Amino acid sequence: MDKASEGGADSATFNLRGVIAHALGRPQEAFESFRAALDKDDSNVRARLNLAALYRAYGYDRQAQAESAKVGAGAARLANDPGLIPGAVAEVK
């Protein structure tokens, strides 16, 4: 995955890199990957939900709510999506 990101990876690749980093217990790397995904494509719903979940997990509730609000209620359809970290859809209303 690191080689892919060095070669100008797309938003989906950065998001997947963040999911993997999260699963490996590397929150800073996950955060940077989700931000990179959104820098590439601001409309990447999965990356936005993952970023919100990461904020929420570390007590940044205001930032989590702001990110979740950008997605909206349609995110519920993504529950159980493999491109999301656990709990990413839980707080979206």
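Select Ile20 to begin: this residue is partly exposed, at 36% relative accessible area. The model is a predicted one, and Ile20 sits in helix 2, which spans residues 11-23.

Together, Leu16, Ile20 and Leu24 make a nonpolar surface patch of about 260 Å².

Next, clear the selection and turn to the aromatic rings. The structure holds two aromatic pairs. For one of them, select Phe31 and Tyr55: their ring centres are 5.9 Å apart, with 65° between the planes, an edge-to-face arrangement. This pair links distant parts of the chain, with Phe31 in helix 3 (residues 27-40) and Tyr55 in helix 4 (residues 45-57), 24 residues apart.

Are the two partners buried or exposed? Phe31 counts as partly exposed at 26% relative accessibility. Tyr55 is buried, because its relative accessible area of 17% falls under the 20% cut-off.

Tyr60 itself is partly exposed, with 46% relative accessible area.

Finally, show Phe31, Tyr55 and Tyr60 together. Ring pairs link these three residues into a cluster.

Methods:
Residues are numbered from 1 along each chain as its sequence is written. This is a predicted model: local features need pLDDT of at least 70, side-chain atom pairs count only at pLDDT 80 or more; totals for chains, interfaces and linings use all residues. Side-chain values use heavy atoms; hydrogens and water are left out. Patches are made of residues with over 30% relative accessible area and no salt bridge: like charges are joined within 9 Å, nonpolar side chains (Val, Leu, Ile, Met, Phe, Trp, Tyr) within 5 Å. Accessible areas come from the Shrake-Rupley method with a 1.4 Å probe; for residues, only the protein chains shown count as cover. A salt bridge is a side-chain nitrogen of Lys or Arg within 4 Å of a carboxyl oxygen of Asp or Glu. Helices (H or I, at least four residues) and strands (E, at least two) are DSSP runs, numbered from the N terminus. Buried means under 20% relative accessible area, exposed over 50%, partly exposed in between (1.4 Å probe, protein chains only). Rings of Phe, Tyr and Trp (its six-membered ring) pair if their centres lie within 6.5 Å; planes under 30 degrees apart count as stacked, over 60 as edge-to-face and the rest as tilted.
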